[in-house]
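These notebook entries record what I looked up in the structure, entry by entry.

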Amino acid sequence: MYQPNMFESHHSLLDMVGHKEMELGNMMKDDEFESSRSATENLEGLLSGEEQDPNQRPSKKKKKYHRHTQHQIQEMENFFKECPHPDDKQRKELSRRLTLAPLQVKFWFQNKRTQMKAHHERTENQQLRSDNDKLRADNIRFKEALSNASCPNCGGPAAIGEMSFDEQQLRIENARLREEIDRISAIAAKYVGKPLITYPNNVSQTMTRSPLEMGGFGPQSGIVDNMYGPPGDLLRSIAPPNEADKPVIVELAVAAMEELIRMAQAGNPLWVHDSHNPTEILNKEEYFRTFPRGIGPMPLGWMSEASRESTIVIMNHMNLVEILMDVMAAEFQVPSPLVPTRENYFVRYCKQHGEDTWVIVDVSLDILRPNSPVPRCRRRPSGCLIQEQPNGYSKVTWVEHVEVDDREVHNIYKALVNSGIAFGAKRWVSALDRQCERLASVMASNIPGEAGVITTTQGRKSTLKLAERMVTSFCSGVGASTAHTWTTLSGSGADDVRVMTRKSMDDPGRPPGIVLSAATSFWLPVPPNRVFDFLRDENSRGEWDILSNGGLVQEMSHIANGRDPGNYVSLLRVNSANSSQSNMLILQESCTDSTGSYVIYAPVDLAAMNVVLSGGDPDYVALLPSGFAILPDGSWSGSGTTMESGSGGSLLTVAFQILVDSVPTAKLSLGSVATVNSLIKCTVERIKAAVVGQGA
C-alpha cells in the first residue's frame with residue numbers, strides 16, 4: 001500500500017547526506033590548513049636559528065610569515081602542473097634554482113595539493129547539491145502523479161501496490177517470453193551481425209575466420225564448410241525479417257527444436273531399417289502423424305531426403321556449440337559443376353537441453369518470402385544434439401531432413417545424391433569429425449614422425465593455415481554455385497570441360513590478372529581409395545602432371561593432420577631441368593573420410609614459402625590452387641550393408657586455375673581457352689590410363 005511519508009523521508013535522507021559531506025569537506029580543509037600553517041611556522045623558526053624553551057608557550061608576536069616572490073610562485077606553479085609530487089632530488093634542484101630551502105619547497109607543494117583537493121571537494125559538493133535538488137524535484141513530481149492516479153477499469157482512485165494473482169502470473173509469463181525473445185535476438189546479433197531474431201544461415205559456406213585459426217591465429221569457425229571442404233564466396237546477404245515476422249519466427253523455431261529432439265532420440269516406428277539399405281529410413285506416415293504442423297506440404301515433383309547419423313568427435317561440447325553457431329551460409333554444394341547447389345533461407349536456434357546436452361536446429365523460412373523466386377530446396381527441422389563425453393570428447397547426433405527439386409542433377413551423380421552421401425547426415429558428421437581432427441592437429445605442439453624443413457611450431461601453424469586457405473579457394477570455385485557461371489566448351493556429355501573467368505585485383509592472396517578456371521567431372525570404374533592413393537603419391541605425380549615436365553618430385557616436409565594416414569599437408573619440390581621452375585615449390589593437402597576425398601595443390605614461390613616456414617603471415621602468399629575431388633559413385637558394396645570408399649566406382653572432378661594474363665583489364669583470348677582445354681583433357685586421359693590400367 002501507499003505510504004505518504006516515503007518520499008519525505010527519501011529527500012530528507014538526501015539532504016542529510018549532502019550536509020554531512022559539506023561539513024566533512026570543511027573540516028578536512030581547516031585541519032589541512034592548520035597543519036600546513038604550523039609546518040611553515042616551524043620551518044621559519046628553524047631558518048631563524050632561534051631556540052625555544054619547550055616549556056614556554058610561543059608568543060604570537062614572534063611569528064613571521066615568509067612571502068614568496070612572484071617569480072618563485074610562478075616557477076613552482078609551472079612545475080606543479082607537470083609534477084604535483086616532486087621527489088627529493090627535484091625539490092633540491094628547484095630550491096637551488098629559486099634560492100629557497102628544500103623544506104620551503106616541500107611545504108609549498110603540500111599546501112598547493114591541499115588547496116587543489118579542497119577545490120575539487122567544493123566542486124563535488126556543488127554537483128551533489130545540484131543532484132539532490134533534481135531528486136527532490138522528481139520526488140515531488142512522482143508524489144503528485146501518484147496522488148492523481150486512477151483505476152483504468154472503474155475510473156476511481158487507484159489502490160497502489162495491490163495486484164491480483166492472475167495479473168501477477170501474466171506479468172511473470174510476459175517477462176519470461178520477452179527474455180526468451182531478447183536472448184534469441186542477441187544470438188542473431190552476435191553471429192549474424194544484425195539485431196534480429198535467430199537467423200544465422202547454416203553451413204556450407206564462407207567463414208570470415210578459418211578453421212585453422214584456433215591454433216594461434218584467432219578463434220576458429222567453419223566446421224563443415226561447404227559440404228565437401230572449406231568454402232569461398234558463396235554467402236549472400238539476405239534481408240532481415242520484418243518486426244511483424246519475428247513472433248512467427250520464434251514460434252517456428254521453438255516448434256522445430258521440439259521436433260528435432262524427438263527425431264534425434266526416437267526409434268521404431270519413426271526410424272526403420274531396410275535390409276536393402278544400410279542406413280535408417282524415416283517412416284513418412286509416422287512422421288506426419290507425429291508432427292502434423294510442420295512447414296506445409298511438399299511441392300509437386302520434389303523429393304524428400306531424411307537421414308540420421310551419430311559420431312564421437314574430439315572436441316569439447318561447448319566449443320562445438322560455439323563453432324556451429326558461428327558457421328553461416330546460404331548454399332550447400334558438392335564439388336562438381338554437375339550438381340546444382342542448394343540455397344536455403346532459414347532460422348538457426350540453439351538451446352541447452354539438460355545439464356550436458358545442447359541442441360542446434362535449423363528450419364526454413366520460405367513462408368516469409370511469398371514474393372521471392374520459388375526455391376529448389378527447403379529444410380524441415382534439421383540439426384544436431386551435442387552431448388558432453390569424458391576427456392573433452394562430444395557425441396553428436398545429426399538429423400538432416402530436406403525437401404528438394406533435384407531434377408537438374410546430372411545422371412552420373414543421382415545415385416550419390418539419392419544415397420544421402422552428398423547432402424545427408426552422414427556427410428555432416430564425417431565432415432564434423434574430420435574438422436575436429438584438423439583443429440586438434442593444429443593445437444598439437446609436437447607430433448612424432450614429422451620431419452623436413454618445418455622446424456618450429458609457429459612455422460607449422462602458418463603452413464597449415466596457408467593450406468587451409470588453398471583448400472577454401474579450390475572448393476569455392478569448383479561447385480555449380482549460383483554465384484558462378486560455367487561455360488561448356490563442347491557437346492553435352494558429363495566429361496565436357498566447363499570454364500569460367502575471374503579478374504583478380506587488389507587481392508594479396510591471389511596473383512593479379514585474369515584467372516581462367518576449368519573443371520570436368522567423370523566416372524571411373526575404380527574404387528575411390530585407389531584413385532586417391534594414386535593422385536596423392538608424389539612418386540606417381542609424373543604420370544599425370546604435365547606441368548612437372550617429367551621431373552622427379554621430392555617431398556620436403558610432411559604434416560599429419562588426422563588419424564587416417566591419407567590426411568596430411570606436404571611441401572614438394574620438382575627437380576626439373578626447366579630453370580624457370582627452380583624457385584617454385586608445390587604445397588599439397590590430401591584429406592579423406594568415408595564420404596569423399598581431396599587432393600589439392602598450388603605452386604608457391606620459394607621466397608614466400610620461406611617466410612611462412614619461419615612463422616610469418618601466410619595471408620599474403622599468392623595462390624592459384626588446382627586439384628581433384630574424389631567421391632563414391634553411390635553404388636552399394638557386395639555385402640549390401642555398407643558403402644565404402646574402397647568399393648564401387650569413383651566420381652572424379654578435375655579442376656585447374658591458371659593465370660592467363662597478368663593484366664586484369666586484358667581480354668581473354670581464344671588461344672588461352674584452347675590451351676587450358678587441351679591441358680585438362682590431356683590430364684584426364686593420363687589419369688584414366690594410369691588408374692584403369694592398374695585395376696586391370
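Entry 1: I count a residue as buried when its relative accessible area is under 20%. The model I am reading is predicted. With that cut-off I turned to strand 17, residues 596-605, and found 8 of its 10 residues buried, so the strand is largely enclosed by the rest of the structure.

I then looked up the neighbours of strand 17. A hairpin of 2 residues connects strand 16 to strand 17.

Entry 2: In what order do the 9 strands of the open sheet follow one another? I read the order as 11-12-13-19-18-17-16-15-14, with antiparallel pairing. At the edges stand strand 11 (487-488) and strand 14; each has a single partner strand, so one side of each is left without a neighbour in the sheet. I also recorded the pairing of strand 12 (residues 498-504) with strand 13 (residues 513-524), which is antiparallel and holds 7 bridges. Within it, Ser 504 stands opposite Gly 513 of strand 13.

Next I asked which strands helix 11 touches as it packs on the sheet. Helix 11 (residues 457-478) contacts strand 12, strand 14, strand 15, strand 16, strand 17, strand 18 and strand 19 (650-661). The direction of helix 11 makes about 75° with that of strand 16. Helix 13 (residues 606-613) packs on the sheet as well, touching strand 15, strand 16 and strand 17. I noted an angle of about 115° between the direction of helix 13 and that of strand 17.

**Entry 3: salt bridges.** My search of the whole structure returned 24 salt bridges. As background, side chains of opposite charge can pair when their charged atoms come close.

- Arg 342 bridges to Glu 305, with the closest N and O atoms 2.9 Å apart. This pair links distant parts of the chain: Arg 342 is in strand 5 (residues 342-343) and Glu 305 is in strand 3, 37 residues apart. I class Arg 342 as buried because its relative accessibility is 6%, and Glu 305 is buried with a relative accessible area of 16%.
- Arg 378 bridges to Glu 403, the closest N and O atoms being 2.7 Å apart. The partners are 25 residues apart, Arg 378 in strand 8 (residues 377-379) and Glu 403 in strand 10 (residues 394-404). Arg 378 counts as buried at 11% relative accessibility, and Glu 403 is buried at 1%.
- Arg 563 bridges to Asp 433, where the closest N and O atoms are 3.2 Å apart. Arg 563 sits in the loop between strand 14 (552-560) and strand 15 (568-575), whereas Asp 433 belongs to helix 10 (residues 425-443), 130 residues apart.

**Entry 4: a nonpolar surface patch.** I looked up which residues make a nonpolar surface patch of about 230 Å². They are Ile 312, Ile 314 and Tyr 393. Ile 312 has its place in strand 3, residues 303-313. The relative accessibility of Ile 312 is 41%, and therefore I class Ile 312 as partly exposed.

**Entry 5: the surroundings of Phe 80.** I located Phe 80 in helix 2, residues 70-82. Phe 80 is buried, having a relative accessible area of 10%. Which residues does Phe 80 touch, leaving aside those up to four places away in sequence? I listed Trp 108, Phe 109, Lys 112, Arg 113 and Met 116. For Phe 80 and Phe 109, I recorded a separation of 29 residues in sequence and 7.5 Å in space, C-alpha to C-alpha.

How values were computed:
Residues numbered from 1 in each chain as written. Predicted model: local features only at pLDDT ≥ 70, side-chain atom pairs only at ≥ 80, totals over all residues. Heavy atoms only, no water. Patch = residues over 30% accessible without salt bridge, like charges linked within 9 Å, V, L, I, M, F, W, Y side chains within 5 Å. Areas by Shrake-Rupley, 256 points an atom, 1.4 Å probe, with all protein chains shown as cover. Salt bridge = Lys/Arg side-chain N within 4 Å of Asp/Glu carboxyl O. Helix = DSSP H or I, 4+ residues; strand = E, 2+ residues; numbered from the N terminus. Buried < 20%, exposed > 50% of the residue type's maximum accessible area, 1.4 Å probe, protein only. Pairing = 2+ DSSP bridges. Contact = heavy atoms within 4.5 Å. Axes fitted to C-alpha atoms, helices over the stretch in contact; angles between N-to-C directions.
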